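The tour goes through one chain, then its interface, then the parts to treat with care.

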Amino acid sequence: MNGDLESTLNELGPEYRAVVARLRSAREIEPSGTRAFSFPHTEWWRRAGYLAAASLAVALGLSIFMQDAAKAPREPYAGAKVYTVAYAPTEEALEVIVASQRADGSWTNDFITRQNAAALRASEDARMKVAYRRAVRYLRSKGLAPLTDEELKLRGEYAARAIAGA
Amino acid sequence: MSDEELLAEARKFEKNLLNFFWRQGVQYSEGEDLVQETYLRLWKYRREYKPTAKLSTFLFLMARQVRIDALRRQTRREGREKSWGKEAATSVGPSVGRADAREDVRWAVAQLSEPHREVVELGVFQDLPYAEVAEILGIPVGTVKSRMSNALKKLKEVFDERRS
């Protein structure tokens, strides 16, 4: 019995001790034990949260990728194709073509027109002749050829497509 | 104190909580529900518990609130203004013909008013110091002391009447 209650009982008198004793003598009820409570396992929830976040990030990435893929231009025909850009065979255009050529003879986004190729071939500049030879070597290795003037007209002056073997 | 340690400590009070509810007129099965509800509330507010304070104070504070909420739910459900205590007093009768001290005690406690019953429950049955009882009930220690005296006097009367 705690001191506070003891003090109250001292003030009230001994008969009240019997009251408290009677109250406490009653057997208490027992839990059935059929209901078990447990706190949510926070560590598991945290891990599940990380996993969910990672899954969401992957799903989001895939979604963006698929969206971009869907936005890509649809090819109306099968087979190897190459993009080309036509420049008027000016000195400046040829400089650009040479400067943007990659080591394997290709260009990052564009390819060369037959007209530009002819200009490179006819040039007195050794760099341009080298560029021409690289381009031809690359084209042959891919089974491609520069666009003809007709093809350029059909597909537009700039960023037109070249069909494999054209 | 980790969550697991807090739960392990709180589980030691399961019987105390069940009897806390039961002695106030709550049926056994419903009492078990309220115990679970108390633990859920403990989980919800576990961050507010400071290990420097006594867990019993924190736990009974929540148990009391759970009981008050249950009372409000019942009042709304039944659409009447009866207090839980009054209802308990009528639903729990003396165990005439049955030598069941437990039921007699429950009945006697049910004769007390709500404030007196709370003080007896915490101060006598749970054996909590008056300062802790005062903190749980949100009243001054002096009020706990006076309520305890009055409650014990009333209980003595009830037992005396019962004997006669």
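Helices here are DSSP runs of H or I with at least four residues, strands are runs of E with at least two, and both are numbered from the N terminus. The model is a predicted one.

Start by selecting chain A and colouring it by secondary structure. Chain A has 166 residues, of which 20% count as buried. Of its contacts between residues at least 6 apart in sequence, 62% join residues at least 24 apart.

Next, show chain B as well and select the interface. On chain A, 25 residues are in contact with 27 residues of chain B. Two elements of chain A give two or more residues to this side: helix H1 (3-12) and helix H2 (15-25). H2(A) supplies the largest share, seven residues. Coloured by residue class, the side of chain A that touches chain B shows 12 nonpolar, six polar and seven charged residues.

The average is 70, and 58% of the residues score at least 70. Which elements mark the lowest and highest confidence in chain A? Strand S2 (residues 160-163) is lowest with a mean of 38, while H1(A) is highest at 90.

Finish with two selections in chain A. Over residues 75-85 pLDDT stays under 50, and the model gives them 29 contacts beyond four places in sequence. Residues 156-166 also stay under 50, with 34 such contacts. Where pLDDT is low, predicted coordinates should not be read in detail.

Definitions and conventions:
Residues are numbered from 1 along each chain as its sequence is written. Chains are lettered from A and ligands numbered from 1 in the order in which they are written. This is a predicted model: local features need pLDDT of at least 70, side-chain atom pairs count only at pLDDT 80 or more; totals for chains, interfaces and linings use all residues. Two residues are in contact if their C-beta atoms, placed from the backbone, lie within 7 Å. Ala, Val, Leu, Ile, Met, Phe, Trp, Tyr, Cys and Pro count as nonpolar, Asp, Glu, Lys and Arg as charged, and the others, Gly among them, as polar. pLDDT is the predictor's confidence in each residue, from 0 to 100. A residue is buried if 20 or more other C-beta atoms lie within 10 Å of its own, exposed if 12 or fewer, and partly exposed in between; C-beta atoms are placed from the backbone.
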